[in-house]
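The paragraphs that follow go through selected elements of the model in turn. Please keep the sequence and the structure in view while reading.

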Amino acid sequence: MAKAFSIPQRQSLVGILLIFTSTLYKLVRGFWAALAYFVFKRPDGDFLLYIGLGLAVLLVLIAIYSYFDYRKFLFHIDYEAEEFILKKGVFNSDFVSIPFDKIQQVNFKRGILQRIAGVYSLVIDTAGSNEKEVEIKAVNTEDANQLADILNSLKESKNTDTEVLEANQINAEVKTEEIQKEKWTYRLSLSTLIKTGLSSNFFRGFGLIFVFISTIFNELNQFFREETSQWESQFTEDIGGVATESILFISALIFLLLALSIFITTAEVFIKYFNLNLTQTKSSLDLQMGLRTNTRVSLKPIRVQILKIVTNPIQKRLNLYKASLWVASSEDNDKKSVIQIPGLEKATIQKIKSFLYQSSKDESGITFRPHWVELSRRLLVGVIPVVAIGILQCFTNFIEFRWWILVASVFVLLYAILQFRIYNSLCLKIGEEFITKSYSAWDESTEIVEIYKLQGITVKQPLWYKGRNLVHVIFHNAAGDITFRAVDKAILHKMNFCLYAIERTNKAWM
């Protein structure tokens, strides 16, 4: 009897529809400015007919492409070579081979269409690869769970003999049932979700609004260059006049943008983390969340390289914290491997730490703080652009001098306060088993890494640091780097201890 998934097979037939909608969405997103142009121009007669025919032909071509993409997409497990094999591609055939020991984790995602169709998107995340993770867009629930269990079992049992592997596969359901016995579960309530969104970093929402408006203006300017030039000139004159004559207008505009940014941030948090469930089983942390895209992730302690805990003054009063779990990935593509879990209580954070770090040791150790040279560097970085713009102002006079002084003074004051807060909070603690870095601006962050999971340590000493006996220290980890600048050279004896701890350990780091 053939082993499960040993024969090349296709994803569910619903995959054709998912490929079609995905391809159509990419085209619309890439050519939305052209669509906006036709909407504003409102073509008539034959031209409108040609556009309709062109769109119809395009839809037919996308449908044909989707069918062949579905037919060419084949996957299977090569048990002898100990690899997961994927073949895909319509015009160019791609052959992807993933050894079992390179599989980082197997996740599940469900978009709106996938929920309606009753299928999952199965994502195989790999460590040490610059390529995007492997994704199978349409797998039914039974096959998705079975494939994930087999891949995880094969990865863990790679060094065992064939009989044990077969026994693991035969008893997969029993083993999975035992492993998935819940120890504790944390569910993010609707009220907590809303509080998390309202107290999150709304400046990001402000930036999104600014980028969105700028993108719209730049894209439409390509099609309405002549009309836009005249309108832009008039608009600039009007706004400039209002800004000069009425501070109230500017204040109201800023308040409106901030309110809109808070709304956008809250909506983003709500959509991304809706119905968040975090469950600890015997061997893993199982996370499920998402409204638009439902995500299921199973994390084992050995996979987590860095734990980052974030809060801010408002969330701290509300007993809200965010845990970011960094898992091993390539240096160029580490963003895909950060799993963020917001809206957690302090007690839940402690449970996560107790599960990930099943050790009798605490996080205490020798504390190091940066030299005042680091504060000088930070202040200088902020002053340089102010000086550069000031020189430009002297030659061009692009803004009234009194306004320039006001804006520059406010910026320098706020920037200096921020950098003083960051500098005073910077702290590096090195203990027997952990390295902990703490810092805060508005957000208060703590990064924790186990010493045995370090891949290396880099120590740098710029020329101007030698007289003060200062160094930069960079801790290299499979999920990223932890950097601490301008620290006393006395830290080097702790670096020797860390290197010794890395060499002597026999624990697997991933």
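In helix α15, the buried residues are Trp403, Trp404, Ala408, Tyr415, Ala416, Gln419, Ile422, Tyr423 and Ser425. The model is predicted. Helix α15 covers residues 401-425, which makes 25 residues. From its first C-alpha to its last, α15 reaches 36 Å, close to the 36 Å expected at 1.5 Å a residue.

The next element is a sheet. Strands of a sheet pair through backbone hydrogen bonds, and this pairing is either parallel or antiparallel. Here three strands make up an open sheet, ordered β1-β2-β3, with antiparallel pairing. Its edge strands are β1 (74-78) and β3 (94-99), each of which pairs on one side only. From one strand to the next, the twist averages 15°.

The two pairings can be taken one by one. β1 and β2 run antiparallel and are joined by five bridges. Across from histidine 76 stands isoleucine 85 in β2. Between β2 (residues 83-88) and β3 there are six bridges, again in the antiparallel sense. Lysine 87 has phenylalanine 95 of β3 opposite.

The hairpin of β1 and β2 has four residues between the strands. Which phi does glutamate 82 take in this hairpin? The phi of glutamate 82 is positive, near 55°.

Phenylalanine 5 lies in the segment before α1 (15-30). The phi of phenylalanine 5 is near 65°, a positive value in a residue other than glycine. Is phenylalanine 5 buried or exposed? Buried means under 20% relative accessible area. Phenylalanine 5 has a relative accessibility of 8% and therefore counts as buried.

Alanine 486 is placed in a strand, β20, which spans residues 480-488. Its phi is near 50°, again positive in a residue other than glycine. Alanine 486 counts as buried because its relative accessibility is 0%.

To return to the positive phi values, glutamate 82 is found in the hairpin of β1 and β2, phenylalanine 5 in the segment before α1, and alanine 486 within strand β20.

How values were computed. Residues numbered from 1 in each chain as written. Predicted model: local features only at pLDDT ≥ 70, side-chain atom pairs only at ≥ 80, totals over all residues. Heavy atoms only, no water. Helix = DSSP H or I, 4+ residues; strand = E, 2+ residues; numbered from the N terminus. Expected span 1.5 Å × (residues − 1). Buried < 20%, exposed > 50% of the residue type's maximum accessible area, 1.4 Å probe, protein only. Pairing = 2+ DSSP bridges. Axes fitted to C-alpha atoms, helices over the stretch in contact; angles between N-to-C directions.
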